[in-house]
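Please keep the sequence and the structure in view while reading.

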Amino acid sequence: MAMLFFSPRAIMGIKSLARKKKTVPSWGKGAFVLAFSLFLFLPIIPWAHGGEEKNLNIALTESQAEEIGKKIWDNESAGKISGLISWNEGEDFISLGICHFIWYPMGKRGPFEESFPKYLEFAVENGARLPRWLNLHSSCPWSSRKAFYAARGGRQEEELKLFLLDTIPLQVKFAIQKLKEALPKMLAICPKNEKEKVKSNFIQLTRSPRGLYALIDYVNFKGDGTWPTERYQGRGWGLLQVLEEMEGNDPLDAFCEAAKKVLRRRVRNAPPSRHEERWLAGWLNRVETYRQ
């Protein structure tokens, strides 16, 4: 598989800006350079169907992979370094990296899948070095949003920020890897009469750059839909649920409309105390970027 990397010069410049706390450059200003081999091939799944083994490959050109990484970061935090570490009001977890990986404090868990420890494992397997205080079994060192903001600018936050900066290329690779792993998981749990529809919709979307972006962004945005506790009133909101809801002849348009339906349903079904309606407009706007 082709290796994904930023130029060392770009990384050093970003680190310098982060340490000096200057204005953060965005992707749109060309602050970063992604370099790939000519193609990045992703074997999604060998699956058994009708007694026949089939292989599905995704090929991303350099510009396609760069654009997907750019859009994911833009969607999460406007491409800003300051958004690599954030703790949203009303959440019990901190969000990290360009994909806003979830990380819970010690002793706290919620319905949402904790993704940062999985990213740490992936990063270490790919040669990343962790700060001394951080290991694969660490919990978030801040017990709450209030505690995090009270400690802003401390050593742990700064070291964590630099680690996230150093591993931005791996975060893009991890985001794509998450899609690679999603299809077999979805097919394993979806009803038998939905399997062909889910698989067909997935494959159709992989055949266009915008469809690939939609898949990769959504699975990192709202999960693959297989996590058992990511349900409100028994209904999920991940990639699986969107693929199941798709209707119409145009795959991308059908995906966008299904995603909006699923997200609106999530907000309706959410516990009133979470006030998820405050995020809905932003979520729907994010889905609209899939058409652009």
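## Helix spans and the overall chain

The expected span of a helix is 1.5 Å times one less than its number of residues. In this predicted model, α8 has 14 residues and covers 20 Å between its first and last C-alpha, close to the 20 Å expected at 1.5 Å a residue. Helix α7 (residues 195-206), with twelve residues, reaches 17 Å between its end C-alpha atoms, which is close to an expected 16 Å.

The chain holds eleven helices and seven strands, and buried residues account for 52% of its 292 residues. Among the contacts with a separation of 6 or more, 64% are between residues 24 or more positions apart.

Helix α8 is mostly covered, with twelve of its 14 residues buried. The buried residues of α8 include Gly211, Leu212, Tyr213 and Ala214, and also Asp217, Phe221 and Lys222. After α8 comes Gly223, whose phi is positive, near 85 degrees.

In α7, the buried residues are Val198, Lys199, Asn201, Phe202, Ile203, Leu205 and Thr206.

## The contact of α5 with α6

Two packed helices are described by the angle between their axes and the distance between the axes. For helix α5 (residues 155-166) and α6, the axes come within 4 Å and cross at roughly 65 degrees. On the α5 side the contact is made by Leu164, Leu165 and Asp166, and on the α6 side by Ile168, Pro169 and Gln171. By class, the residues of this contact divide into four nonpolar, one polar and one charged.

Helix α6 also contains Glu181, which has a relative accessible area of 42% and is therefore partly exposed. The C-alpha atoms of Glu181 and Asp224 are 9.2 Å apart, although 43 residues separate the two along the chain.

## The largest pocket

At least two lining residues each come from α2 (62-77), β7 (101-103), α6 (168-189), α8 (209-222) and α11 (277-288), and the largest share, four residues, is supplied by α11. The lining is made up of ten nonpolar, nine polar and nine charged residues.

Trp103 lies in strand β7 and counts as buried because its relative accessibility is 0%, where the cut-off for burial is under 20%. The C-alpha atoms of Trp103 and Pro117, which are 14 residues apart along the chain, are separated by 7.3 Å.

Most residues other than glycine have a negative phi. His100, in the loop between β6 (94-96) and β7, has a positive phi near 55 degrees, and Gln233, in the loop between α8 and α9 (239-245), has a positive phi near 50 degrees. Is each of these two residues buried or exposed? His100 has a relative accessibility of 13% and so counts as buried, whereas Gln233, at 64%, counts as exposed, since exposed residues are those over 50%.

Terms used
Residues numbered from 1 in each chain as written. Predicted model: local features only at pLDDT ≥ 70, side-chain atom pairs only at ≥ 80, totals over all residues. Heavy atoms only, no water. Nonpolar A, V, L, I, M, F, W, Y, C, P; charged D, E, K, R; others polar. Buried < 20%, exposed > 50% of the residue type's maximum accessible area, 1.4 Å probe, protein only. Axes fitted to C-alpha atoms, helices over the stretch in contact; angles between N-to-C directions. Contact = heavy atoms within 4.5 Å.
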